[in-house]
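Visitor: I would like to go through this structure step by step. Please show it to me before I ask anything.

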Amino acid sequence: MTYTNTERGHLADFIRGLAAFVVFAFLLVGCPVAMYAMGGSPIPDRFPSWEEVGATLMRRDTDQSVFLATIWLLGWGSWCLFVVTVCAEVINYFAELNRPVLPRPARPLQHLVGELVATAALTFSAAASLATSASAATHTHTVTDVHAGAAPSVEEDHQSPRRVAPPQGPAASEWTPLLADEAPSHPKPDTRPERTHVVKRGETLWDLARRTYGSGGLYPKIFKSSRNIDQPDGVPALTNPSSIHPGQHLRIPRPSAPDGSSSPSRVDSTPPAPEQSTPPGRGRANENRSSASAGSTSGESRPTQVPSPVVAPPRDGSASPAPSAPNDQDSAGAPLAISLPSGSLIGIGLAAALSVAVAATRLHRRRRRVPNPDPSSYGRATDSPLPAPVLKARHAHMRTYNDRDAPTPSDPDLVREDLHAAEPDQLVVGTRNDQALTVRLAGLSLGLSGDGAHAAARAITTELLAKAHRYRAEVLIPQADAQALFPGDDITDLCAALEGLIITPSLDEATNRLEAELLRRGRILEMAEQPDVPALRGEDPAEPLPTVLLVASVPADNGTVQGLAALGRRYSLGVLALGPWPSGTRVGLSSDTTVTAAHGPDAERFIGARLFHLTTDDAAGMLRTIRTATGTETDAASLSPDAGVEPEPGPEAEPPAVSTMIPPPRTSEEARHAPVRLDVLGPVRLFTANGPVNTGLRQRARDLLAYLAVHPDGATRDQACADLWPEDNPESVVPMFNTAVTNIRSVLRTATGLSEPMYVIHDAGRYRIDPDVIDIDLWRLTTALAEARRAADDTARIKALTLVADRCGDEFGGGLTQEWAEVQRENLRRTTGDALANLARLIEEDDPEQALVVLERAITHDRYSEPLHRHIMRLQARLDRPDAVRRTYELLAARLGELDVEPDDETRKLLSSSTRASNRNR
């Protein structure tokens with residue numbers, strides 16, 4: 001018989017396991033038999049008296065009988081200790097318990113027994129893999145016993161549909177939520193009044209209360225019950241509900257409704273993930289499949305699974321920031337699904353991850369962009385446009401802030417908060433009965449088949465890749481499957497830039513890598529004396545052990561992958577199989593990714609669900625954005641503006657809303673004494689001679705004023721409505737536009753006392769702001785920029801650019817999140833940065849001190865621009881200020897640390913050269 005390399009490895013594991021069994025047989029059976037043959041039974045016929053013991057010890061041991069008897073008794077005692085240790089290690093291993101540590105003299109024996117038990121366990125998995133391969137060769141489909149939750153075969157499932165759902169019985173209590181990869185069970189109702197919980201890294205009382213009682217506002221109940229608990233040695237006492245520490249013990253009272261019938265429990269939800277503090281965009285959906293099938297077939301009504309918004313408890317500065325927006329379907333107001341124009345359907349989790357990727361892409365482009373020295377093309381964009389589906393997803397995510405009346409985060413806010421996000425251990429993969437369908441990644445054993453299998457797998461893989469940076473998760477995929485899901489070079493380019501994506505030449509290579517990773521993690525867990533990877537993360541957060549998901553087409557006779565999936569929960573491994581999957585849960589999908597059939601342990605949770613899905617074009621655009629978010633973009637975005645490279649807009653890119661350079665309006669003498677001033681550099685605000693206009697002006701009217709400020713020549717109503725309110729019904733936006741114009745005129749007439757001006761003029765089908773009665777800070781800035789562009793010499797240009805430095809304020813349209821506003825905000829930032837850098841270049845020879853002042857103003861507007869910081873460092877070095885050079889470098893390093901990057905080699909060399917020059921001059 002010919003064996004493959006993988007089968008040889010399993011055969012070697014089987015032999016090692018048998019050897020461990022032989023050692024066990026010798027130590028457990030052979031040793032006591034030999035000692036019994038030499039010395040008889042260790043149990044005496046009678047116990048000797050003290051006189052006999054004393055006489056024996058006092059007489060001379062000439063025949064060595066006392067010595068031999070002592071050795072004999074020590075041997076029996078060691079054997080008894082060995083038997084007890086073996087029993088304890090076997091129970092701990094198969095029950096996946098956290099074993100107690102024996103005293104130091106017995107600890108080597110404990111480690112030896114642990115290694116023997118783990119080696120002996122290889123016999124079962126290796127035998128199952130070899131048996132599966134042998135059964136496939138003879139076309140005998142035998143279900144091995146390597147997966148505790150192995151489902152019936154496909155043939156049996158079709159013949160016995162009643163096995164898909166478990167029999168009716170007592171509902172699983174939310175008190176002990178089931179894991180995603182466990183076999184269906186029917187636990188007895190838990191009657192304990194409370195349970196003890198050990199705090200893990202990132203957990204909060206708020207999250208524990210929300211998961212246990214359905215509302216985070218009940219966290220004081222846990223705190224009051226737990227604050228008098230004696231904590232383990234070295235663990236601080238529980239004194240502050242907003243600050244809990246890993247290792248603390250909590251006493252969680254049981255929910256008031258023991259049967260779950262009347263409480264808002266998650267009987268129909270999915271098992272909760274390990275509680276972790278999550279910044280904006282990193283929420284968790286709950287997961288539990290206890291009695292979903294029974295509930296859905298009986299027609300009983302279920303309480304909503306989305307809790308109402310409540311105020312989070314206070315948290316100290318050391319804790320991770322509280323989430324300010326949902327990243328999954330775990331907050332009220334978050335949409336369950338987002339439809340894209342192409343027909344793709346994604347969840348808010350992927351939309352939030354893409355929103356962070358867009359923010360990171362923009363910040364990395366700002367970091368690398370070299371200021372443009374040509375006044376005629378200030379602010380010229382050389383970046384590749386972001387794909388339309390990505391912008392659509394980002395817009396949907398940002399709307400969740402407005403829907404909850406929460407402050408809209410800036411790009412730095414999103415990226416900064418994403419740095420504190422925990423490892424993704426769950427993904428929302430679809431919806432079922434208007435509820436989120438969640439799967440746990442660790443131990444995931446899921447097969448997708450049917451017309452919609454690739455589209456659904458594409459959505460799952462893309463979301464995990466978007467969250468895989470910084471060692472959070474890892475996707476392992478063979479080359480053939482990578483091309484089947486993501487045709488083209490986008491997936492290959494992403495693999496070179498993202499640590500969390502590994503493409504292997506074949507499935508065998510991926511399997512070998514996964515096996516090696518499992519053995520490595522097993523050794524780490526053994527040395528750290530932790531039961532599983534999640535516990536190790538809580539104990540040692542610096543250990544990079546991301547959840548690994550294998551995405552591949554797995555043959556039915558591949559017992560290796562099935563065995564790895566069976567061990568996945570402990571080692572944080574998972575398998576997403578494309579096609580038939582004889583192990584775990586398998587679902588059949590229609591072309592629109594509706595589940596048409598489901599078999600296996602979690603089948604009841606998938607029946608009637610619709611999974612998220614992506615087209616290949618949408619996925620390609622998302623992969624490109626995920627790649628650019630890593631800061632490794634090498635296209636035109638990284639070139640200087642004078643490199644002469646113009647990007648070719650892709651078919652999915654949306655054209656900019658307005659031109660790159662905003663033209664100034666026609667000026668008039670009356671505009672110098674306009675009765676109204678409009679500020680759009682910063683929050684949109686109106687001022688009259690009597691002060692700010694604080695009441696009466698609606699938000700849509702403010703948006704319209706900012707929009708018309710960047711269209712000094714006017715805009716049509718249809719154009720304005722399409723840019724301002726793209727998600728609203730076209731039939732309703734026209735009345736909204738008219739109402740906004742009416743509101744502007746009414747408020748300004750009341751504030752100024754002037755009823756004759758129209759303020760917003762309608763002329764030839766276009767609406768524009770009347771420059772004779774409204775003065776705008778943006779127009780004053782663009783007027784100065786236009787004068788700098790028309791300047792005939794450096795003196796005139798310096799004068800105009802000095803006005804630019806005086807007139808540039810905050811970012812355009814603070815709080816506006818529409819795409820047109822973001823385009824104009826970035827264009828204005830670039831234009832201002834180019835102008836200030838050019839002004840510093842023109843005056844640095846004659847007045848380097850003033851040039852430094854101008855550059856410091858420039859890095860205030862663009863805090864991540866590395867070329868601007870280098871310009872400052874060169875000027876400081878020229879003025880022989882090495883300490884200032886170092887401070888500027890440290891300031892840049894701190895700012896780039898918010899993006900999880902470091903200054904590049906050119907900046908470091910500049911610092912080193914400045915330091916060396918200073919040392920030589922001393």
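Visitor: Is the crossing of α24 and α25 left-handed or right-handed?

Guide: This is a predicted model. Its helix α24 covers residues 777–790 and its helix α25 covers residues 794–807, with axes that come within 8 Å. The crossing of α24 and α25 is left-handed.

Visitor: Which residues of α25 does α24 meet, and how many charged residues does the contact have?

Guide: From α24, the residues R780, L781, A784, L785, E787 and A788 take part. Their partners in α25 are R797, A800, L801, L803, V804 and R807. By class, the contact of α24 with α25 has eight nonpolar residues, no polar ones, and charged residues numbering four.

Visitor: Which residue forms a salt bridge with D411?

Guide: D411 lies in helix α11 (residues 411–418), and its partner, 17 residues apart from it, lies in helix α10 (residues 388–403). The closest N and O atoms of the pair are 3.3 Å apart. The partner of D411 is R394.

Visitor: What is the mean pLDDT of the protein chain?

Guide: Over residues 135–190 the pLDDT is below 50, and over residues 635–661 it stays under 50. Where pLDDT is low, the predicted coordinates should not be read in detail. In the protein chain, 74% of residues reach 70 or more, and the mean pLDDT is 76.

Technical notes: Residues are numbered from 1 along each chain as its sequence is written. This is a predicted model: local features need pLDDT of at least 70, side-chain atom pairs count only at pLDDT 80 or more; totals for chains, interfaces and linings use all residues. Side-chain values use heavy atoms; hydrogens and water are left out. Axes are lines fitted to C-alpha atoms, for helices over the stretch in contact, and angles run from 0 to 180 degrees between N-to-C directions. Helices (H or I, at least four residues) and strands (E, at least two) are DSSP runs, numbered from the N terminus. A crossing is left-handed if the near helix is turned anticlockwise from the far one by less than a right angle, and right-handed if clockwise. Contact means heavy atoms within 4.5 Å. Ala, Val, Leu, Ile, Met, Phe, Trp, Tyr, Cys and Pro count as nonpolar, Asp, Glu, Lys and Arg as charged, and the others, Gly among them, as polar. pLDDT is the predictor's confidence in each residue, from 0 to 100. A salt bridge is a side-chain nitrogen of Lys or Arg within 4 Å of a carboxyl oxygen of Asp or Glu.
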